[in-house]
Amino acid sequence: QVQLVESGGGLVQPGGSLRLSCAVSGRIFFIADMGWYRQAPGKQRELVAISTESGSTNYADSVKGRFTISRDNAKNTVYLQMNSLKPEDTAVYSCYVQHGRRDYLVNYWGQGTQVTVSS
């Protein structure tokens, strides 16, 4: 019903910045939470940041103070501004949204975008 298209990944040096975007398209009814996960090779997927419908945000301890999640509800888009990047931030970043009716929400995922932090 909905599709998520991510952009903004790439190669960056330590200390650099990247901005990820995730645009939701299709037949959109209601979007609740929007967020980002990441998975590094050989590691479990971890929640990076989440933005709730009410506007609150939460971050993994490892990215607090460096990453900022934001959303543009008019454009059905969620962003992840990543500053002061470290090599350990290298991973495939995937966005997700909760979509559907308020009483029945389904999680949808993007295809993932590679972020590599290396000198």
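Which side chains are joined by a polar contact of 3.3 Å? Select Ser62 and Arg38 to find them; a polar contact here is a pair of N or O atoms within 3.5 Å, where, within protein, one must be able to donate a hydrogen and the other to accept it, and residues adjacent in sequence count only if both atoms are side-chain atoms.

Before moving on, note that this is a predicted model, in which local features need pLDDT of at least 70, side-chain atom pairs count only at pLDDT 80 or more, and totals for chains, interfaces and linings use all residues. Residues are numbered from 1 along each chain as its sequence is written, and side-chain values use heavy atoms, leaving out hydrogens and water.

Stay with Ser62 for a moment: at 38% relative accessibility, Ser62 is partly exposed (between buried, under 20% relative accessible area, and exposed, over 50%, with a 1.4 Å probe and protein chains only).

Next, select Tyr37, Tyr96 and Trp109, which form one aromatic cluster. The ring centres of Tyr37 and Tyr96 are 5.5 Å apart and their planes stand at 65°, so this pair is edge-to-face (rings of Phe, Tyr and Trp, the last by its six-membered ring, pair if their centres lie within 6.5 Å; planes under 30 degrees apart count as stacked, over 60 as edge-to-face and the rest as tilted). Tyr96 is buried, with a relative accessible area of 6%.

For a last stop, show Arg19, which lies over the face of Tyr79 at 4.1 Å from the ring centre.

Note on methods
A charge sits over a ring if NZ of Lys or CZ of Arg is within 6 Å of the ring centre and within 35 degrees of the ring normal.
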